[in-house]
Amino acid sequence: MPSLPFDNTRSPRFLKVFLPGLTSQTLGIPPAFWKHTNRLSTGTASLQGPSGNIWPVNLIMKEGHTFFENGWQEFVRDHSIKCGNVLVFRYDGDSHFKVQKLPNAFSRAHLREMSTEMLLRVPKVGEWSIRYHCHKNPMKYVLSRGWPAFFSNNSLKVGDSLVLEVVHEREILVHVFRA
């Protein structure tokens with residue numbers, strides 16, 4: 001299995017799939033994530049993108065869940081985050097998160113073909129065949145055919161988290177954690 005970005009540390013991490021209708025204005029932080037930190041779940045935080053630049057964001061509570069809010073939209077825009085991008089958040093303490101787009105790092109290392117079928121499998125739920133595309137100009141990676149059905153059939157909602165486990169080059173075991 002490939003290593004996740006930032007594997008050189010034991011800092012707490014979580015993954016989120018960017019879905020414009022659900023995560024473009026705010027992004028929910030998994031409740032289980034806070035169990036691994038010694039900080040309050042509201043206030044001001046900073047997001048550091050792959051460029052090393054830092055964006056301030058607000059952490060707010062809504063209906064018992066913590067979200068990135070003011071500043072999150074700018075971070076999304078400035079990093080050209082698109083539907084289906086998987087984001088890895090690593091908490092480094094002092095309200096600071098490092099963020100990386102997983103599909104780009106994962107795809108460069110493991111999915112070199114221009115277009116291929118992949119299998120997403122959720123234990124005790126089902127399997128979905130999706131289409132993966134790599135576009136070279138500009139470089140971007142897209143999950144297409146099959147992704148909307150996967151999203152809908154698993155009733156994914158704001159705050160849910162997905163953990164992706166590579167079983168084989170074209171098979172990914174998906175663990176869904178509900179908010």
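Is T23 buried or exposed in this predicted model? At 7% relative accessibility, T23 counts as buried. Buried means under 20% relative accessible area, exposed means over 50%, and partly exposed lies in between, with a 1.4 Å probe and protein chains only. T23 lies in helix α1, residues 20–23. Helices (H or I, at least four residues) and strands (E, at least two) are DSSP runs, numbered from the N terminus. T23 touches V17, F18 and W72, not counting residues up to four places away in sequence. Contact means heavy atoms within 4.5 Å. T23 and W72 are 49 residues apart along the chain, and their C-alpha atoms are separated by 9.3 Å.

Residues are numbered from 1 along each chain as its sequence is written, and side-chain values use heavy atoms, with hydrogens and water left out. This is a predicted model, in which local features need pLDDT of at least 70, side-chain atom pairs count only at pLDDT 80 or more, and totals for chains, interfaces and linings use all residues.

The protein has four helices and twelve strands. Of its 179 residues, 45% count as buried. The accessible surface comes to about 9,500 Å². Carbon and sulfur atoms hold 52% of that surface. Accessible areas come from the Shrake-Rupley method with a 1.4 Å probe; for residues, only the protein chains shown count as cover. Among contacts with a separation of 6 or more, 50% come from residues 24 or more positions apart.

The pLDDT is the predictor's confidence in each residue, from 0 to 100. Its mean over the protein is 78, and 78% of the residues reach 70 or more. Over residues 1–8 the pLDDT is below 50. Beyond near neighbours in sequence, this stretch has 18 contacts in the model. Where pLDDT is low, the predicted coordinates should not be read in detail. Among the elements, helix α3 (residues 102–110) has the lowest mean pLDDT, at 58. Strand β3 has the highest, at 92.

Strand β3 also takes part in two pairings. Two strands pair if DSSP finds at least two bridges between them. Six bridges join β3 (residues 43–48) to β4 (residues 54–62), and these strands run antiparallel. Here A45 stands opposite V57 in β4. The two strands form a hairpin with five residues between them. In the turn, G52 has a positive phi of about 95°. Three bridges join β3 to β7 (residues 96–101), this time in parallel. S46 stands opposite H96 in β7.

The largest nonpolar core has 21 residues. A nonpolar core is a set of buried Ala, Val, Leu, Ile, Met, Phe, Trp, Tyr and Cys residues joined through side-chain atoms within 4.5 Å. Those with the most contacts inside this core are L47, F68, W72, F89 and F97. At least two core residues come from each of β2 (27–29), β3, β4, α2 (72–78), β6 (86–91) and β7. Leaving aside neighbours within four places in sequence, the contacts of F68 include F14, L27, I29, L47, V57, L59, F89 and F97. A second, separate core has 18 residues, including V86, V88, I130 and Y132.

Most residues other than glycine have a negative phi. D94 has a positive phi of about 50° although it is not a glycine. This residue sits in the loop between β6 and β7. At 79% relative accessibility, D94 counts as exposed. S155, also not a glycine, has a positive phi of about 45°. S155 is found in the loop between α4 (147–153) and β11 (161–168). With 40% relative accessibility, S155 counts as partly exposed.

D160 lies in the loop between α4 and β11. Its 12% relative accessibility means that D160 counts as buried. D160 and G28 are 132 residues apart in sequence and 7.7 Å apart in space, C-alpha to C-alpha.

E171 lies in strand β12, residues 171–177. At 16% relative accessibility, E171 counts as buried. A polar contact of 2.7 Å joins its side chain to that of R121. A polar contact is a pair of N or O atoms within 3.5 Å; within protein, one must be able to donate a hydrogen and the other to accept it, and residues adjacent in sequence count only if both atoms are side-chain atoms. Beyond four places in sequence, E171 is in contact with L119, R121, E165 and V166.
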